[in-house]
Amino acid sequence: MLEVLGLDQPAETLYFVLVDNLPLSIEELARRTGIEPDVVASAMVRLEDGGLISRLPGSPSSYTALPPGHALEVLLLARERDIQRVRSLTERLTDRHRDARRDRDSSALIQVITGRDGVARCGQQLFNRAEKEIRGIDAPPYAESRDGTRVNSAAVIAGRSVRSRFIHARDALNTPGAMGRVEEDIAAGEEVRFLPEAPMKLIIADDQAALIPLLATPQVLDACILVHPSALLDALSTLFESLWAQAQPYMPGRSARVGEDEFVNDEERRIISMLAMGMPDETIARQLGIGYRTVQRRVQALLTRLGAASRFQAGVLAASRGWWIPEPEKDDAPAGGEGTPR
């Protein structure tokens, strides 16, 4: 019981014997307790130093217990002072431990990923780990490994109940075939919106990680920053949602019959969709793979047929007259299939 005061078992046993008896010598204590004399002698020194016993004069020396109420109280006060010092040390060590972990945790919130393969692999891992939603801002350049494989959101999450939302910059549609790939993504369930310009390239997976380019306008995507849950990740999420609210949905629609002998074909439907988004004729020509002047003639013909005063009005009128039936966005559309490379 007295171990809490720093007494080991032999010293405690010997002290109890002295409390119950008149002064005893080392030999008498050894005989009564069965403890070796040298162990008794060592314990007597510790008990005396602790103020629990007193050595009486004479030969051989004998020992007596001091009044326990006073002697044990002195030890208790000493132990309380020791405990208080340990508590103070504990607080200082806790602060040092927290500060050290805070520094390490802060540095671990952001990782720099370098190399085309490393960036492509990191982007792929974000898509693979997503369980609920992938969000992003699509803009060139795209993550591409050395073997030419590009990271693709729709292909990676195919067959999984993962929502996919991406914002595209209209300038990105200057790349031939870009609109076709976007429409494939939409057909696979991805939600797509457009902005005149994309402020940055971004991928967010489940609010658990985000990937952004290290440089503002990289020519090659060979260095990115991986952001883990933090205030920065929250800010990136807020930025995306703000841009998503401002962006214009792209509704490719479907062909619709105008009259008994007249209908809007697939090419005209796509022209109307792009007119509604305010795309210039050059971009429309590039996406359809036809000549610029051909697009001008067909746009003018559509405006005339609709009686529209502007290109945007042509899209509105086409929808209102049933020439073009926009397909609204789905609230929780799972993405899948082959789509736009990220």
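Which residue in β11 does phenylalanine 194 stand opposite?

A: Phenylalanine 194 stands opposite glutamine 248 in β11. Before going on, a word on the ground rules: this is a predicted model, where local features need pLDDT of at least 70 and side-chain atom pairs count only at pLDDT 80 or more, while totals for chains, interfaces and linings use all residues. Residues are numbered from 1 along each chain as its sequence is written, and side-chain values use heavy atoms, with hydrogens and water left out.

Back to your spot. Phenylalanine 194 and glutamine 248 face each other where strand β7 (residues 191-195) runs antiparallel to β11, with two bridges between them. Strands pair here if DSSP finds at least two bridges between them. Strands (E, at least two residues) and helices (H or I, at least four) are DSSP runs, numbered from the N terminus. In general, strands of a sheet pair through backbone hydrogen bonds, parallel or antiparallel.

Now step back to the whole sheet. Eight strands make up an open sheet with mixed pairing, in the order β4-β10-β9-β8-β5-β6-β7-β11. Its edges are β4 (110-114) and β11 (248-249), each of which pairs on one side only. Helix α5 (residues 116-129) packs on this sheet and touches β4, β5 (133-138), β6 (163-169), β8 (202-205), β9 (209-213) and β10 (223-227). The direction of α5 makes about 150 degrees with that of β9. Contact means heavy atoms within 4.5 Å; axes are lines fitted to C-alpha atoms, for helices over the stretch in contact, and angles run from 0 to 180 degrees between N-to-C directions.

Have a look at β6 too, as arginine 165 is found in that strand. Arginine 165 counts as buried, because its relative accessibility is 6%; buried means under 20% relative accessible area, exposed over 50%, and partly exposed in between (1.4 Å probe, protein chains only). The arginine 165 side chain has a polar contact with the side chain of glutamate 241, at 2.7 Å. A polar contact is a pair of N or O atoms within 3.5 Å; within protein, one must be able to donate a hydrogen and the other to accept it, and residues adjacent in sequence count only if both atoms are side-chain atoms. Setting aside neighbours within four places in sequence, arginine 165 touches Glu133, Ile134, Arg135, Gly136, Glu191, Phe240, Glu241 and Trp244.

The loop between β8 and β9 is worth a glance as well. Aspartate 206 sits there, with phi near 55 degrees, a positive value in a residue other than glycine. Aspartate 207 lies in that loop too, and its phi is positive at about 60 degrees although it is not a glycine. Aspartate 207 is partly exposed, because its relative accessible area is 42%.

There's another open sheet, with three antiparallel strands in the order β1-β3-β2. Here the edge strands are β1 (24-25) and β2 (53-56), each pairing on one side only. β1 and β3 (residues 62-65) are joined by two bridges and run antiparallel, and serine 25 stands opposite serine 62 in β3. Proline 60 is in the loop between β2 and β3, and the peptide bond leading from serine 59 to proline 60 is cis, with omega near -5 degrees.

Helix α3 (residues 37-49) lies across β2 and β3, at about 115 degrees to β2. α3 also packs against α1 at an angle of about 75 degrees, their axes 9 Å apart, so the two helices are roughly perpendicular. For that wording, angles under 35 degrees are roughly parallel, over 145 roughly antiparallel, 65 to 115 roughly perpendicular, and the rest oblique. On the α1 side the contact uses Pro10, Ala11, Leu14, Tyr15 and Leu18, and on the α3 side Val39, Val40, Ala43, Met44, Arg46 and Leu47. Leucine 7, in the segment before α1 (9-20), is buried, with a relative accessible area of 9%.

Last stop: the axes of helix α9 (residues 266-276) and helix α11 (residues 292-306) come within 11 Å and cross at roughly 85 degrees, so α9 is roughly perpendicular to α11.
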